[in-house]
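The structure is shown first.

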Amino acid sequence: MTIKPVSLKPIVWTISGADCSGGAGISADIKTLHSLGCEVCHFITANTVQNSNQLIAVNATECQVLQQQVDALKTDKPPAVIKVGLIVTLQQVHWLVAVLTQLKAANEKLVVVFDPVGSASVGGKFHDLTADSLTVLLPLIDVVTPNMLEAQVLANDNTDKVDLLAKGILKLGATAVVIKGGHSNQQVMEDYCLANIDDEQHVFQLASEKVNSDFSHGGGCSFASALAAYLANNHLLRDALTLTKAFINQGLKHHQGIKGYYGAFEQLGKANNANDYPQICGQLAEHYKALPAFKSLGIERDGSQGLGLYPVVDSLEWLTHLLPLGLEIIQLRLKNLEQDQLEQQIKQAVALCQATNTRLFINDYWQLAIKYQAYGVHLGQEDLQTADLHAIEQAGIRLGISTHGCYEFLLAQQLQPSYLAIGAIFPTVTKNMTGQIQGVDTLSHTLKLARHIPVVAIGGISLTRSEDVWATGVDSLAVVTAITQAEKPEQAVKDFQQLMSIPAGN
């Protein structure tokens, strides 16, 4: 019997206060981080005295004690992510600046999430630090997670416009800011994220129905800790934020029917129910909110896995080679051609497929797909920003959309395409997908968020890897080099088809 080695969990440090009533601070951090697959080291900045009625006292920890703990753990259990919560004194601020500076110099990949705790949920201030005192931390912070009031304090601006507040906070040095909407009186809660990524500013916006729950104590701490946990587990910020929002919605709903008790937020692990996930907002979603659903492929996510093998080829020669094999769907991905040559090849490809039962999707070139009435067009995320989806829908051709993570998946699903593609499942030689490799586990989880639209897995899927991918219940496997670089392409197609003739779970 072979014993598999234990898979080491990412280590997250939490630096925050202790809440004797058990709901917030270090207690919430530890429960959240453990429930989301992290190992936790904790540093208590203050012992607070509070209950369901009032904040009575805040007893700060000496910086010397905190430094002894850091010295003991910085090489023994170095962090992948640090979550910072309650900081009580100016001395602690300066101590933390020195610690983060040192740790970031030793590990350039270290991520720091800062929840700028100011007041207790029952009322009362935890400290008398000014915004200027706290802002010296921000150049060392990767993500800061204020609510609206805290954002106004940090930005020194009383505006209720979240975009202006976010820009003001980023100017102070933080890499990203998430302004939480949970304290709003509106029925729909919106979270707004502004992030500097690869020298560009990106906006991510989420919206969820307000969950009225008396079991919300520690929700803010849990939000920042969940975000830290997902970042520690190598999720991109947009996906970590989406997963965090679902985690919060799930926990708030758990005791929703119990009233009149000041209860602690419930940490229930990764959210698997699609109803807990937010809507994706923003310009693209707003522009197409009235867009009708695209034409169906004739199958839905009903467990039949009926779409079949989906080869992606880069030439008419390959298309001609594969058409006699009876494939239900093929994508033509043409690159680096002059316009006249490109148009002629797409015209020929459409004509070739019209005499078969093969659904032909044209990658990227939606105008030519419309002009020659291809069965469908496939668009990547960057193409969604420039393509005219109204024109594609009105032309009556089908639409497939590439997604990389749950944020893009949910956004694309809202656009109601004919199918959704998830990738890259594994590293691939056809495209640089650094930071966006999904893996089989993430694919399995994302499928839980799918509604009725069929889902295709793509990216690095070889025959040897395909069994695990197919077992997730995905509707189709898209393959490129597994066929085009095979010694016997026809046999490779037959091998995939034989595997895919067995439904998931059998």
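## Backbone geometry, domains and contacts

Asp 364 lies in the loop between β13 (359-363) and α12 (366-371). In this predicted model, phi of Asp 364 is near 75 degrees, a positive value in a residue other than glycine. Gln 416, in the loop between α15 (406-414) and β16, also has a positive phi, near 55 degrees. Most residues other than glycine have a negative phi, and most peptide bonds are trans. The peptide bond that runs from Gly 423 to Ala 424 is cis, its omega being near -10 degrees. Ala 424 belongs to the loop between β16 (419-422) and α16 (439-447).

| Site | Backbone angle | Location |
|---|---|---|
| Gly 423 to Ala 424 | omega near -10 degrees (cis) | Ala 424 in the loop between β16 (419-422) and α16 (439-447) |

The chain is divided into domain 1, residues 11-281, and domain 2, residues 289-501. Taken over C-alpha atoms, the centres of domain 1 and domain 2 are separated by 39 Å. Contact between them involves 20 residues of domain 1 and 15 residues of domain 2. About 1,400 Å² of area is buried between the two domains, and carbon and sulfur atoms give 57% of this area. One salt bridge is counted between domain 1 and domain 2.

The salt bridges in the model come to 13. One of them joins the side chains of Glu 408 and Arg 238, with an N to O distance of 3.1 Å. In another, Lys 77 pairs with Glu 39, and their closest N and O atoms are 2.6 Å apart. This pair links distant parts of the chain, 38 residues apart: Lys 77 is in the loop between α2 (63-73) and β4 (81-84), while Glu 39 is in strand β2 (residues 39-50).

How do helices α1 and α7 pack, in terms of angle and axes? Helix α1 (residues 25-35) and helix α7 (residues 219-232) are set at an angle of about 35 degrees, and their axes are 8 Å apart. The crossing of α1 past α7 is right-handed. On the α1 side, Gly 25, Ala 28, Asp 29, Thr 32 and Leu 33 take part, meeting Cys 221, Ser 222, Ser 225, Ala 226 and Ala 229 of α7. By class, the residues of this contact comprise five nonpolar, four polar and one charged.

Definitions and conventions:
Residues numbered from 1 in each chain as written. Predicted model: local features only at pLDDT ≥ 70, side-chain atom pairs only at ≥ 80, totals over all residues. Heavy atoms only, no water. Axes fitted to C-alpha atoms, helices over the stretch in contact; angles between N-to-C directions. Helix = DSSP H or I, 4+ residues; strand = E, 2+ residues; numbered from the N terminus. Left-handed = near helix turned anticlockwise from the far one by under 90°. Contact = heavy atoms within 4.5 Å. Nonpolar A, V, L, I, M, F, W, Y, C, P; charged D, E, K, R; others polar. Domains from an automatic or database assignment. Buried area = accessible area lost by both parts, 1.4 Å probe. Salt bridge = Lys/Arg side-chain N within 4 Å of Asp/Glu carboxyl O.
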